[in-house]
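The entries below are kept in the order I looked things up.

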Amino acid sequence: MTDMEEVPINKNKKYRKDKPWDTDDIDHWKMEEFKVGDMSSHLLEESSFATLFPKYREKYLQQVWPNVVSCLKEFGIHALLDLIEGSMTVKTTRKTWDPYIIVKARDMIKLLARSVPFEQAKRVLQDEMTSDIIKIGNVTRNKERFVKRRQRLVGPNGNTLKALELLTECYIKVQGSTVAALGPYKGIKQVRNIVMDTMNNIHPIYNIKILMTKRELMKDPALQNESWDRFLPKFKKKNVQTKKPKKQVVKKKYTPFPPPQQPSKVDLQLESGEYFMKEHEKKQKKQDQKEQAQQQKTAQKKKEKEAVFAAPKEEILHDEKTQESSNVSVDIEALKRKLKSKNLNKSTTSVSQEKVDNSSIETVEKVSKKKKKSKSESVGIPQSDSIGDLTPTVVKKKKKVTSDNVSDANSDKIRDEGAELSSGKKRKKSKGEAIANENTQVDTSSPKKKKKKVKKEKS
């Protein structure tokens, strides 16, 4: 190329001229703050926006609505809450001094309807902030897959969502089939890309790694005008297929003869007699078969439904003894005989015990008499007087119980008699003990009386 040849000019930049006032130090992306008084006159027409909200947000909005009204009143916006229709409305007034604030107010009530708290939603009224409501319900048709991918976006204990909020500087709220994001324009764009990738089966951890590397590269001023592709991680798509079990092919034995010919459709109709039936008869037969199959299916479904409401069988736990007693038939007469024999044995034992008690009492009396004799001999008192005056005469009648006294008719009476006999034994024992005690008392008091009698005789 020679110096005389002209450089070809782009058609789009043909009529462009240099702008001496446009220098490099000017930031074209900077948003200047809009202040009160920048708008010369009030708005000519009233503009309004309304959004519906779900019923579960009604209670929260009632509590927060006075704060919403006071917040929008600073910008000259009027807010209405209709609980009957379930809607929120924002309107411009003659006091509105910012023409774009009505759009910001619309975004604010949209965020409130999507479960974003008021403290976060009011940030959208700032100039550098914007919001985005991302619809994720239509990405996947399968409900289970949708729930899994949405949970993947939130992460365990909300850790993935917190990481995204720190890296993008945005507030993210996952609610139902939407994701509400609030933050700067750059961060909102990143959030939308990550959310859509996650719902399209790309794990958010990959995007989080990319954002972290970009954040580190931004700190290096030498890499500002260079491409960062060589530093960013590259992830390969792996379509991992699950291993299916191999089908075992069974080899058939070789036979030189061909298989028998299968009957055709006409042959089967000839066998069943359907071939000679008329068309309306064939239709009727098909319909009957269809109805029969339907009835069987409905009956089966009904059984399955009823099986859910059927009470489970309770396991009745019985002891082995109770089971044996239930199996054995009760013979009443044999039981009566057993009771009679038991009562007779009791009566005989009671009689023998009475005899033993009486013999013990007699031995006690003999011992006491011997003691008295020895004392009288030493003092010189006649035996007849000492014993006759002091020893009390005890006469006891012995009751004998025999099998003749027991009634054969009622076993209850026999039990009562046995109880009376046992009580009688105790009474006799107590009487014997009392007599023994009296004898001992007489022995202690006898020496004094003996001395007095001796003195009288001497005189």
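My notes go from the whole chain to the sheet, then to single residues.

**Ground rules.** I worked from a predicted model, in which local features need pLDDT of at least 70, side-chain atom pairs count only at pLDDT 80 or more, and totals for chains, interfaces and linings use all residues. Residues are numbered from 1 along each chain as its sequence is written, and side-chain values use heavy atoms, with hydrogens and water left out.

**Whole chain.** I found 13 helices and 6 strands in the protein chain; these are DSSP runs numbered from the N terminus, helices being H or I of at least four residues and strands E of at least two. Of its 459 residues, 24% count as buried, where buried means under 20% relative accessible area, exposed over 50%, and partly exposed in between (1.4 Å probe, protein chains only). The chain exposes about 38,000 Å², with carbon and sulfur atoms supplying 52% of that; areas come from the Shrake-Rupley method with a 1.4 Å probe, and for residues only the protein chains shown count as cover. I also looked up contacts (heavy atoms within 4.5 Å): among those between residues at least 6 apart in sequence, 61% join residues at least 24 apart.

**Sheet.** I noted an open sheet of 3 strands in the order β1-β3-β2, with antiparallel pairing; two strands pair if DSSP finds at least two bridges between them. β1 (48-52) and β2 (77-82) are the edge strands, each with a single partner, so one side of each has no neighbour in the sheet. The twist averages 15 degrees from one strand to the next. β2 pairs with β3 (residues 87-92) over 6 antiparallel bridges, and A79 has V90 in β3 as its bridge partner.

**Helices on the sheet.** Helix α1 (residues 58-73) lies across β2 and β3, at about 165 degrees to β2. Helix α2 (residues 101-113) lies across β1, β2 and β3, at about 170 degrees to β3. Axes are lines fitted to C-alpha atoms, for helices over the stretch in contact, and angles run from 0 to 180 degrees between N-to-C directions.

**S131.** I placed S131 in strand β4 (residues 130-135). S131 is buried, at 17% relative accessible area. Leaving out residues up to four places away in sequence, S131 touches D107, L111, V124, A181, L182 and I188.

**I205.** I placed I205 in helix α7 (residues 204-218). I205 counts as partly exposed because its relative accessibility is 39%.
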